[in-house]
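Have a look at the fold, then read on.

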Amino acid sequence: MGLFSFLGSLFGKAPETGAASKKGVQEPNLRSLEDFVMYVSKLLVDHPDEVNVKTVASENGKVIQIACRADDRGKIIGKRGKTIIALRSLVSGAAGRIKDRVSVEVLDEEGGVKA
C-alpha cells in the first residue's frame, strides 16, 4: 500500500462510486495509527532504528508512546512543540474515524512523558 492510499484509509477520502471504490482500501484501526506514528517519527529523527512505538491503555482512551534517543526527542517535538502538536492532531482526527480516543506522547529516558 502506498503512502497516499495509507493516509487515505486513515483520514478518509471523497466517496467514489462503483465496485472499484472498496478495492484495496482498508478501514483504519489502532494498529494503522501506530504504524503511521512510527513512520513519521522515523522520518524525523537521525537514528530511525532506535525509535520504538507502543500503545498503552489509559483512563481517557489509548496512548501511543514514542521512545527514542535523547538527542532525537527534540526533532519529534519540534520548535515550540509544533511537530508533536501536528502529529497529535492527525492521530486524534483519524482516531475519531474508528470511534476511539488516542493521544500521542514522547517519552524521556526514565519512561516518563516528555511532551
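What follows covers the overall layout, the nonpolar core and the salt bridges.

**Layout and confidence**

Keep in mind that this is a predicted model. The protein chain has 4 helices and 3 strands, and going from the N terminus they come in the order α-α-β-β-α-α-β. Its average pLDDT is 83, with 72% of the residues scoring at least 70. Residues 17-21 are a stretch to treat with care: their pLDDT is below 50, and beyond near neighbours in sequence the stretch has 1 contact in the model.

Of the 115 residues, 31% count as buried. The chain exposes about 7200 Å², and carbon and sulfur atoms supply 53% of that. Among contacts with a separation of 6 or more, 54% come from residues 24 or more positions apart.

**The core**

The largest nonpolar core has 19 residues. Val-37, Ile-64, Ile-66, Leu-87, Val-91 and Val-104 have the most contacts inside it. Two or more residues each come from helix H2 (30-44), strand S2 (61-67), helix H3 (70-77), helix H4 (82-97) and strand S3 (102-106). H4 gives the largest share, 5 residues.

Setting aside neighbours within four places in sequence, Val-91 is in contact with Leu-33, Phe-36, Val-37, Ile-64, Val-102 and Val-104.

**Salt bridges**

The whole structure has 7 salt bridges. Here are three of them, with the N to O distance for each.

| Pair | N to O distance |
|---|---|
| Arg-31 and Glu-34 | 3.2 Å |
| Arg-69 and Glu-50 | 3.4 Å |
| Arg-69 and Asp-71 | 3.4 Å |

How far apart in helix H2 are Arg-31 and Glu-34? They are 3 residues apart, so about one helical turn separates them. Arg-31 is exposed, at a relative accessible area of 52%, whereas Glu-34 is buried at 15%. Both belong to a network of salt bridges that also takes in Asp-35.

The other two pairs in the table share Arg-69. With Glu-50, Arg-69 makes a salt bridge of 3.4 Å. Because Arg-69 lies in the loop between S2 and H3 and Glu-50 in the loop between H2 and strand S1 (52-58), this pair ties together parts that are 19 residues apart in sequence. Arg-69 is partly exposed at 30% relative accessibility; Glu-50 is partly exposed too, at 35%. Asp-71, the other partner of Arg-69 in the table, is also partly exposed, with a relative accessible area of 43%.

Conventions
Residues numbered from 1 in each chain as written. Predicted model: local features only at pLDDT ≥ 70, side-chain atom pairs only at ≥ 80, totals over all residues. Heavy atoms only, no water. Buried < 20%, exposed > 50% of the residue type's maximum accessible area, 1.4 Å probe, protein only. Contact = heavy atoms within 4.5 Å. Areas by Shrake-Rupley, 256 points an atom, 1.4 Å probe, with all protein chains shown as cover. pLDDT = per-residue confidence, 0-100. Core = buried A, V, L, I, M, F, W, Y, C linked by side-chain atoms within 4.5 Å. Salt bridge = Lys/Arg side-chain N within 4 Å of Asp/Glu carboxyl O.
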